[in-house]
Amino acid sequence: MEYPKRTSQHVKESRSFKALNAGLPNEWILRYVTERDYGLDCIIEIPLGEQVVGWLFGAQVKSTAKMNWREDGTGILTGIKCSTANYWLGLPFPIILFLYVETENKIFLANARQQCRRRYDDLLCQATTSFRFTRRIDLGDDDAADLIAIIMFKEQSFDRFASALQSLLVSVETHVDFIERHWERDFFLEVSFEALVFFSAFCDSLSAVADFVALKQTFKSSVPRIEMLIKQDQSDFQHSSWLLHEGTLARSLRLLAKEYVEILRLARKNVAEEEFSFWLARDSLLANYCTRSESQDAIDLACKRIESLG
């Protein structure tokens with residue numbers, strides 16, 4: 001008499017999903033995907049307090065009996081279909097690859113879309129590709145939830161990254177001129193509406209680029225939100241008829257200038273080196289400009305001018 005069989009692979013899958021469920025914060029919403037053959041096991045939503053605001057990411061869960069960790073603390077998972085990786089790249093939300101290691105009873109995680117971009121050449125000419133994990137990043141870590149949130153912010157800014165970086169790179173001189181002009185103006189002067197709109201657009205582009213290149217570091221404290229600056233200005237000056245004073249703008253620029261050049265350098269390196277093949281296929285104009293000396297020279301000159309401000 002024949003009966004259904006519970007194979008060892010089924011047992012592994014059950015263990016990995018139980019470990020994932022146990023490792024996620026209780027507030028997060030996990031929705032299983034019923035058809036998982038295309039490379040997506042579940043969709044996870046992160047509420048903002050008690051509000052469900054649409055912060056979603058997809059998850060693919062893999063398992064292995066053991067991981068051969070290298071001296072630098074990294075390990076490689078092989079055998080991921082390139083067709084699956086291409087699918088992840090085309091999805092409209094972040095994808096996190098979770099790996100359950102049985103001998104350690106831990107789940108490690110990786111930003112799947114980022115690694116797909118960095119292995120883009122593999123996707124063009126191979127049937128399978130590999131993904132790198134680090135032993136320092138597992139779901140049991142105290143900061144795992146924060147890291148997942150950073151990955152989400154990074155990937156959610158992907159669609160805006162290319163246009164924002166291009167805007168910043170071609171306007172470096174204009175932006176540094178603005179920083180210099182407002183560095184030490186009269187503390188009590190009103191910021192013109194034109195200057196405020198320019199600064200708002202500058203911060204918006206810089207924030208999109210900063211979110212995309214940041215990992216385990218954040219530039220949010222240095223790239224201001226204009227509405228928060230105006231609110232702080234109103235509190236400091238008690239002057240409701242003006243949106244912003246030069247003193248508030250100058251303080252913000254001094255914080256921003258410290259990170260501005262670093263954000264540009266990280267973004268240029270991302271396009272010109274780390275993910276060049278992907279960006280060459282997606283936005284050849286941006287990819288080629290980032291490899292040219294003109295883009296690096298503009299960043300270096302901006303650094304010198306900002307350093308001279310003291």
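The charged end of lysine 154 sits over the ring of phenylalanine 212, 4.3 Å from the ring centre; a charge counts as over a ring if NZ of Lys or CZ of Arg is within 6 Å of the ring centre and within 35 degrees of the ring normal. The model is predicted, so local features need pLDDT of at least 70 and side-chain atom pairs pLDDT 80 or more, while totals for chains, interfaces and linings use all residues. Residues are numbered from 1 along each chain as its sequence is written, and side-chain values use heavy atoms, without hydrogens and water.

**Rings**
- Arginine 113 lies over the face of phenylalanine 158, at 5.5 Å from the ring centre.
- Phe158 and Phe212 belong to a cluster linked by ring pairs, together with Tyr120, Phe161, Phe278 and Trp279.
- Rings of Phe, Tyr and Trp (its six-membered ring) pair if their centres lie within 6.5 Å; planes under 30 degrees apart are stacked, over 60 edge-to-face, the rest tilted.

**Sheet**
- Five strands form an open sheet in the order 1-2-3-5-6, with mixed pairing.
- Strands (E, at least two residues) and helices (H or I, at least four) are DSSP runs, numbered from the N terminus; two strands pair if DSSP finds at least two bridges between them.
- Strand 1 and strand 6 (106-111) are at the edges with a single partner strand each, so one side of each has no neighbour in the sheet.
- Strand 5 (residues 95-101) runs antiparallel to strand 6, joined by six bridges.
- Valine 101 is opposite lysine 106 in strand 6.
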